[in-house]
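Dear colleague,

Please find below the structure that I am handing over to you, followed by an account of what was found in it.

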Amino acid sequence: MSALNPPIAPGQTREASSFGQLIRRNGWVIGLYLLVGALLITARLIRPEYGAPDLQSLATAVLPLAFAAAAQTVVVISGGIDLSVGALMAFTSVTAAVIMKDRGDEFGLIAIVLALALGLVAGAVNGLLVVISRVPDIIVTLAMSFVWAGCALLVLNSPGGGAADWVKSLSVGSYVTEWLPRALVLALVAIGVVWIPLRRSRMGLAIYAIGSNQVAALRSGVDVRRTKVLAYAVCGLFAAMGGLALTMNTGIGTPVPGPYTLSSVAAIVLGGVSLAGGRGGMLGPLAAAFILALIRSNLFFMGVDPNYSTVIQGVILVIVVMIGGLATLRRARA
Amino acid sequence: MTDLLLDATGIVKRYGAVAALKGASLAVRPGEVHALLGANGAGKSTLVKILTGTVRADGGTISIRGETRVMRSAAEARRAGLVSVYQDPSLLPDLTVHENLRLTQTPVQPFRDWVDRLGIHRLSIHDYVRDLPLPTLRILDLARALALEPDVVLLDEMTAALPADLTERVLEVVGKHRESGRSVIFISHRLIEISQLCDRATVLRDGETVGVVDMAPGAEDRIVSLMLGPSEDGAAASATTPAVTRAAGLAPAGEPATASATGTPRIAVRGIRVGTRLADVSFELRAGEVLGVVALEGQGQEELFEVLSGSRRPDGGELLVDGVPVRFGHPADAIRAGLVYVPADRLEGLLPQRSVRENIALPFSARMADWGPIRGAAEKVSVDGAIARLQIDTRAQSEVRRLSGGNQQKVTIARWIATGVRTLLCFDPTRGIDIRTKRQIYALLRELADAGAAVLLYTSELEEVQLACDRAVIIFGGRVVEELPASAADEPTLLRAAYALPPDAPMPEQVAEAAIAGGTVA
């Protein structure tokens, strides 16, 4: 990269580094993290004993959704959508659980590697089908969600399997201080290891490019089809991480997909990823996953009927996204 | 014979039964600026797409520096040494300028130098492209192309929407580019620019290369006549077809309805302005006349029709219907004011999976006041009337998409006739349909006008002005540059006007003067 990024010539200002612009560009994401903070404070106000253990269990509970949101983010940035994320999580989760059942610790590693590989391949299959069939993403991945859900049931037809103890311990407890949940560290490291190098490579730029404007991407020399397959493959990889997180949290595999597909879409929309493609990052959806979970738990602690709490959750989502939409509209008019 | 830098010969491209190119050639010498010219539909854009790898040719060879190349993608064309700058910038809006450069592996420092030389000094390459103004993007696109040091730069309508000062800079830089033995393929609708800048010009007509002209004084005339083709054809066509039109038209073959040239015009357009495309357009359209609009591609005619049909709000100017100022916020407003629109792309106006009947009846049933049960009987009468009047072939009427293009176009017109039309806005309604149907449409427009409707007809086929219109306004660079009665609007006159050339055989000095005058006005 350094070869392509020579020092800025004298006399040419680099406004991008100015603090104000940084805030303006990432306003939405910063706002989300402030909201996370506000919700945590609210939790403390509602329940004065809210503390580090609660934070740890919150992070553990959010982990699968965080990965699901990461998966959805990649595909949506590339201009697509993946409705098979939840099913793919179930598939990889039961696969890992079956491999680890009643076996030694070393099988934990095998299970993780195989599950990740499975996710990567399944995602690539989604992408190839979208590219080759030219059927809209939403339809292909909806159809594939049934395929992956069926595969999950073939691997394990009722909840079962197992998980190595060290694998289970990855998402509970804390590191260094009790205020740093392991699950959060795991999410940051796992997503960062894949996303940061990708984002900095031309492949990552190409993912943004095809979501931004396919014609311009083509003219810029981007291989649109290959990039799309790549985006779906990375999505599958993150979905597999989500599946592993499910197995970690429960110690077993459940072949029936959880509500992660639609929750992941909610999280990325809230996280500032444009459904039209081309815009967004990983930090927003990660915060959004925590926000969705915190709203739910705060309402629970307030003693609100859980049925109402989903309604309230939905209303809050609509309002927040609307505020974002209005802000964009005003900026466009200005 | 000089060694050619780029040599494309015998290029053929078919789209289904239509041959877009049938043996086009283009030979570019090192160190020259070469213009590529042709009227609308001559195959220019197809040739560009083939050269840049967006479309594969069905035949012919392309060689660069004597080496035969097959371009399969933009990236491959770039490796072969050919980089293009398109009319619409190909920078990605959601990436920063710097990221765009990385995507195309463009070295940053040369890019900065070119940007500077092209006259843009305050640029942070970490800005998002979506936040930059359009003229800047065009310049950046050009700078990016030049920074790759290609053998051939292809500029497709690069100067079309640039402000005058930037245009000057671009032309200067492009002119200098040839000094290093590199070449430029220059596509522009501005003949004046071409005569200033280019060394030679290749002219395409009907998918073939019909001539290569050295840019010497008087070359514009040759270019125009090459673009038009052998004059006998044109003369023969216009000699026979008006008669046919009149015969086919049910109206008595009278004089065009010039009698109604008094009183309040049906539509008065005053100083309409839209973004960078429409600068200032004014004209009047009267009841009983067919007014032609003639313009080269991208001179603002799309925007004009969008404004008139209510799908775009103008940035300035005034629109009067029957003398009353109106503002359209929605196409429904325009329809309510009696302005109905027939788009060139028929599928823009039709529900392709629905029946002919439903499509024609749609403007009825979509009327807010008429919501509730559809009055089948009344609808049937007017729909049947319209079908009969337009002689729509209804054998495949259960789904509009199964009709032929010509019949589809008739349906888009019929739907407005069934409700009674006051002002019909037709945007190139005869594009891609057969000659028989075309004539039926001319006759129909005339008939509507005779019945008191006002018709505005944008056409990309110059001969249609004399076949269908009473009068024509010519738009260039977002302004009305000329207004002609149909009798004076023969093809050479129209083409000259459309290129904003003076009507008489111009001396080069005059051209230059016109350019200067035009520049100061703009």
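In which helix of chain B does B:Ile413 lie? This residue belongs to helix α15, which covers residues 405-418 of chain B. Please keep in mind throughout that the model is predicted.

As for B:Thr394, which stands 19 residues away from B:Ile413 along the chain, the C-alpha atoms of the two are separated by 15 Å.

Let me now turn to chain B as a whole. Its secondary structure consists of 19 helices and 20 strands. Of its 522 residues, 46% are buried. Among the contacts in chain B with a separation of 6 or more, 71% are made by residues 24 or more positions apart.

Chain B is divided into three parts: domain 1 (6-231), domain 2 (232-338 + 421-432 + 450-489) and domain 3 (345-420). Between domain 2 and domain 3 of chain B, five residues of the former are in contact with six residues of the latter. On the domain 2 side of this meeting of domains, four residues are nonpolar, one is polar and none is charged.

Chain A has 14 helices and zero strands, so that reading its elements from the N terminus gives α-α-α-α-α-α-α-α-α-α-α-α-α-α. Chain A is as compact as a globular protein of its length, because its radius of gyration of 20 Å is close to the 20 Å that the globule rule gives for 334 residues. Along the principal axes, its C-alpha atoms fill a box of roughly 65 × 50 × 40 Å. Buried residues account for 46% of the 334 residues in chain A. In chain A, residues 24 or more positions apart supply 78% of the contacts with a separation of 6 or more.

With kind regards

Methods:
Residues are numbered from 1 along each chain as its sequence is written. Chains are lettered from A and ligands numbered from 1 in the order in which they are written. This is a predicted model: local features need pLDDT of at least 70, side-chain atom pairs count only at pLDDT 80 or more; totals for chains, interfaces and linings use all residues. Helices (H or I, at least four residues) and strands (E, at least two) are DSSP runs, numbered from the N terminus. The radius of gyration is taken over C-alpha atoms; the globule rule is 2.2 Å times the number of residues to the power 0.38. A residue is buried if 20 or more other C-beta atoms lie within 10 Å of its own, exposed if 12 or fewer, and partly exposed in between; C-beta atoms are placed from the backbone. Two residues are in contact if their C-beta atoms, placed from the backbone, lie within 7 Å. Domain bounds come from an automatic or database domain assignment. Ala, Val, Leu, Ile, Met, Phe, Trp, Tyr, Cys and Pro count as nonpolar, Asp, Glu, Lys and Arg as charged, and the others, Gly among them, as polar.
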